[in-house]
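Thank you all for coming; I would like to walk you through a structure that may be new to you, and I will go slowly. Please have a look at it first, and then we can go through its parts together.

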Amino acid sequence: MNYSKQREKILDVLSNNAVHPTAEYLLDLLKKEHANIGYTTLYRNLNQLAQARIIKKIDGLENSARFDHNTHEHYHFICEKCNRVFDIPKGVAPDLLNNTRKATGFDITSHDIIFHGVCHECKRKDS
Ligand SMILES: [Zn+2]
Ligand SMILES: [Zn+2]
C-alpha cells in the first residue's frame, strides 16, 4: 500500500470507531480488513496525523495513547477503573478558551483537558 492509501485506510478505520481506540486496537481492526500495515508504520502515521491536527492524540494514560477522529473542541474523561475514554462536550465550559486567552494574552493553538474519575458503569459495579 502506498503512503496516502495507508493514511486513508487508517483514517477510515479510526472514524468508524468512536471509542478513542489505542494504536493496538486499531492495528487489530486494520488486520481484520486485510490492510497490510505494521505497528511501527501505523504509530508513525497516527502521530503525523495528530501533528497535522487531522486527528487528536489523547495522552494521559500510563500505558498507551488513544486516538480521536473528532478534532472539534471537546474534553475527555478517563475512567481510572476501566480506562475507557469518554467525550465531554465543550458546552460545560463555553468560554474557557476565550477566558484563558484574555487572562493570559497567550496565543492558544490547542488544549488537552482530561478529567479523571470513575464512570457510571464502574460506579454501579462498585456499589
Ligand atoms: Zn469505568
Ligand atoms: Zn473525543
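Predicted model: local features only at pLDDT ≥ 70, side-chain atom pairs only at ≥ 80, totals over all residues.

Asn98 counts as exposed because it has 10 C-beta neighbours inside 10 Å; a residue is called buried if 20 or more other C-beta atoms lie within 10 Å of its own, exposed if 12 or fewer, and partly exposed in between, with the C-beta atoms placed from the backbone. Between Asn98 and Ile108 there are 10 residues in sequence and 9.3 Å in space, taken from C-alpha to C-alpha.

Residues are numbered from 1 along each chain as its sequence is written, and chains are lettered from A and ligands numbered from 1 in the order in which they are written.

Now the overall picture. The protein has five helices and five strands, and its C-alpha atoms fill a box of roughly 50 × 45 × 25 Å along the principal axes. Of its 127 residues, 13% count as buried. If we take contacts, meaning pairs whose C-beta atoms, placed from the backbone, lie within 7 Å, then among those between residues at least 6 apart in sequence, 49% join residues at least 24 apart.

Which residues of α3 are buried? They are Leu42, Asn45 and Leu46, and these lie on the same side of α3 because they cover an arc of only 100° around the axis, the arc being that of the directions from the helix axis to the C-beta atoms. On the other side of α3, Thr40, Arg44, Gln48 and Gln51 are exposed.

What do the buried residues of α3 pack against? Their partners are α1 (3-15), α2 (23-32) and β2 (66-68). With α2, the residues Ala23, Leu26, Leu27 and Leu30 meet Tyr39, Leu42, Tyr43 and Leu46 of α3.

Finally, two loop residues deserve a look. Arg53 lies in the loop between α3 and β1 (56-58), and its phi is near 60°, a positive value in a residue other than glycine. Arg53 is exposed, because 10 other C-beta atoms lie within 10 Å. Asn83, in the loop between β3 (74-79) and β4 (85-89), has a phi near 65°, which is also positive in a residue other than glycine. Asn83 counts as partly exposed because it has 14 C-beta neighbours inside 10 Å.

Definitions and conventions: Helix = DSSP H or I, 4+ residues; strand = E, 2+ residues; numbered from the N terminus. Contact = placed C-beta atoms within 7 Å.
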